[in-house]
Amino acid sequence: MKHKGSKKRIAIIAVNILLTAAALCCLLLMYLLPKKLISQQEAERWQGESEQAYAQTTVLSPRDEKMSINDVYSTRTKLIKKMHEAALDVNNDAELLIDAWSTNGKVSVYSGYGSGNVSALAVGGSYFDFHPITLLSGSYIGENDLMKDRVLLDEEVAWLLYGGTDLQGMSLSINNKNFYVAGVIRREEDFADKRAYSDGMGLYMSYDAYSELFPEAGITCYEVVMPQPVKNFARTAMEELFKGTDKAIIDNTSRFGLPALLRVARNFAERSIQDNGIEYPYWENAARYVEYYCAELLLFAMILLVVPLVSVVIVLVRLYRKGHEELTENLLPKAKDDVEEFIRVRGRRRWERRQGRHEKK
């Protein structure tokens, strides 16, 4: 019987170890998955070795509430003012924040070697700091470019138009307007972005150039990294600026923390219903996809830890009861006997000393 009891205890311990190990693997995977999303880590890159914490926030606009370029500049000015009010002063306001904006659509391309209709992502600001997509050749386009007629092609468009990828300086036509190739990129290859990107072959172009082709385009995504002197400073600032609108404010920096993932897990059904008219860019869909995975991993880890935690509680209760029994049945009676014996011995010695002093007299 004793041998069977030992086997049972060993089996219980083994099961608890396996469940705990599985839960830790879930938590490790939950920590590692977001690291694959380069578009969610600009705050960390911007902060560098600075002691000042930074936060990344995204504003997504419904189709009927798109931002204009003047709205972007106004938002930037208001954010800098809020940071000055929070005593976040530096010598150069450009060091206070970094931002980017974008929208998407379809364009017709032609090179003389090939043609087709492709997706176009119109970008502005420091877009490629937020989204450092791999360059196969050439260079990025940026806010400081004097000419806005350069475009980035993805591999598929590059092969469609020219049959290669080393194309810097080559000319092409977009909606019958002349442009030049700045470079060729390879799209993100992590599992989430690959699944989320569904627009097919495409290119990147300046928002200024895109808005000349489509004057009513409007900006659907605005991203910003700013100092975070206190918790939720960046998110609160953005919510105050866009109060009363239907824009979605996303705190990219804390979205994969435990509190945020628990909220995702609690609102699975609600999050699956989107009726706000917002068309999420593919990198945001990728982030939401990873959020679901991480929330599920967190729930699974919590479930796996139930049995080990219950086992630990049972062991602690048993140890407490055993200790209580040992204390009340053995230790306390023994201590009581020792105290009584000590009192008797001490009393006897005192009596003997008094007797000795009496006999000497």
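Q: Which residue stands opposite Asn178 in β7?
A: In this predicted model, where local features need pLDDT of at least 70 and side-chain atom pairs count only at pLDDT 80 or more, while totals for chains, interfaces and linings use all residues, that residue is Ser173. Residues are numbered from 1 along each chain as its sequence is written, and side-chain values use heavy atoms, with hydrogens and water left out.

Q: What makes β6 and β7 a pair?
A: Strands (DSSP runs of E, at least two residues, numbered from the N terminus) pair if DSSP finds at least two bridges between them. Strand β6 (residues 171-174) and strand β7 (residues 177-186) have four bridges, in the antiparallel sense, and therefore pair.

Q: Why is α9 called roughly perpendicular to α11?
A: Helix α9 (residues 258-266) and helix α11 (residues 282-304) pack at an angle of about 95°. Angles of 65 to 115 degrees count as roughly perpendicular, so α9 is roughly perpendicular to α11.

Q: How do you know that Cys25 is in no disulfide?
A: A disulfide is a pair of cysteine sulfur atoms within 2.5 Å. The nearest cysteine sulfur to that of Cys25 belongs to Cys26 and is 7.1 Å away, so Cys25 is in no disulfide. By this rule, the count comes to zero disulfides.

How values were computed. Axes fitted to C-alpha atoms, helices over the stretch in contact; angles between N-to-C directions. Parallel < 35°, antiparallel > 145°, perpendicular 65-115°, else oblique.
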